[in-house]
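Open the model in your viewer and keep the selection panel at hand. We will go from stop to stop.

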Amino acid sequence: MGHGSIGPELTLPSQEERSKHAAVGMMLALWARLQPEAKAVISKAGNRSFGELNARSNQLARALRARGLVEGDAVALVCRNRPEFAEVVQACMRAGLRYTPVNRHLTPDEVAYIAGDSGAKALIGDAQFAELMTEAAALCPKAKVRMAIAGEIDGFESYESALAEQDDSDIDRPSFGSRMLYTSGTTGRPKGVVRPPNYSTRLLALTEAPNYVAGKGQLNLCTGPLCHGGPLVYSLTLPLTEGVGVVPMEKWNAEEALQLIEKHRVTHTHMVATMFHRMLNLPDEVRGKYDLSSLRFLIHGAAPCPVHVKQAMIDWLGPVVWEYYAATEGGGGFLIGSEEWLTKPGTVGKPGPEFDNKILDDDGNVVGVGEVGTIY
């Protein structure tokens, strides 16, 4: 990414400033000071500037503390791609709380299982899913703090009213929170994976890509549900950490994605291979009528991408396509940019800085170059 000036309006934070704020989950507060009016979230459900998002995150952190949550406690969230999703994540990241986004397509029993298994003391739900939230809440009595976003849910207090009671200045005693995501359970219940509180240099390896530019005027199109790990990390957490605003889609649609990229001059996005297929299958006249020249960084993963599909995307958009290969359970991963990929089509790249991957044989020994092993 590099540091210094981007245009005359914004000087990027020094590494010392970044490290200081990152250590306690307050990177958003740093960007709110540097670019308070820049858009942090642009959505059909409402917009937030960096200043507004930071202020409301402070209010929510205080509201949760006032209701008895302390550092290390857990929060479960069931919410659409809307500004409040970002507020909950940011509040937890600075209040030392562990947050778990829950898929709204689950049954009440499944939502209650995840909330209970994660140890959630707070359950925050989108009023659009009022029936789901009411039934799930009845099954997880330990989640005594309950807030309803954008409407009413029986037995839940108003999210807006809870925030309105609180001061919006940066909170005292910030402490970096953590996330706990649940993997799909194919033969039983899903299992929770806790990522410890830290500022991951693995994630920041992406920001060293020559075309990953931070700061004012940069926007990331969020193409998938934020309750999933990929969109959560690459289209919310990482962008906001780097001062990049987020444009969340309510539901994936290939042509709408192109419209939004052109309309908002989107610079960053995260996609999966199926989305590539659907965009490439649009008629030539549809693809050709949208200006996508603002795109600087498109990262994809989560599923294998056929070589001919990725080649077509690079031919269309230029060498802005990056790929990652990783897992919810894993600590490392692999990264590769377009130029390197073109020299070896089909590869998923090499470990980034400080990634902890190993290739081991059946006896647990590290294998040499050119030898076959299992990824750990």
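A nonpolar core is a set of buried Ala, Val, Leu, Ile, Met, Phe, Trp, Tyr and Cys residues joined through side-chain atoms within 4.5 Å. Keep in mind that this model is predicted.

**Stop 1: the cores**

Select L64, V75, M147 and L236. These residues have the most contacts inside the largest nonpolar core, which has 46 residues.

Zoom in on L236. Which residues touch L236, leaving aside neighbours within four places in sequence? Select F85, A86, V89, L226, P231 and V246: these are its contacts.

Next, select L219, A273, M275 and L282. They are among the 33 residues of a second, separate core.

**Stop 2**

Select C92. Its relative accessible area is 0%, so C92 is buried, the cut-off being under 20%. Move to C140. At 6% relative accessibility, C140 is buried too. How many disulfides are there in the model? The count is zero.

**Stop 3: a hairpin**

Select residues 39–43, strand β3. Four of its five residues are buried, so β3 is largely enclosed by the rest of the structure. Then look at the link: a hairpin of two residues connects β3 to β4.

**Stop 4: helix α13**

Select residues 307–317, helix α13. Colour V309, K310, M313, I314 and L317, the buried residues of this helix. Why do they lie on the same side of α13? They cover an arc of only 135° around the axis, which means they share one side. An α-helix has 3.6 residues a turn, so residues three or four places apart point the same way.

Now turn to the face away from the buried side. H308 and D315 are exposed there. What covers the buried residues of α13? The cover includes α11 (273–280), β15 (297–300), β16, β17 (334–336) and α14 (338–343). Step past the end of α13 to G318. Its phi is positive, near 95°.

**Stop 5: W322**

Select residues 321–325, strand β16, and find W322 within it. Is W322 buried or exposed? At 18% relative accessibility, W322 counts as buried. W322 and F297 are 25 residues apart in sequence, and their C-alpha atoms are 7.2 Å apart in space.

Notes: Residues are numbered from 1 along each chain as its sequence is written. This is a predicted model: local features need pLDDT of at least 70, side-chain atom pairs count only at pLDDT 80 or more; totals for chains, interfaces and linings use all residues. Side-chain values use heavy atoms; hydrogens and water are left out. Buried means under 20% relative accessible area, exposed over 50%, partly exposed in between (1.4 Å probe, protein chains only). Contact means heavy atoms within 4.5 Å. A disulfide is a pair of cysteine sulfur atoms within 2.5 Å. Two strands pair if DSSP finds at least two bridges between them. The arc is that of the directions from the helix axis to the C-beta atoms.
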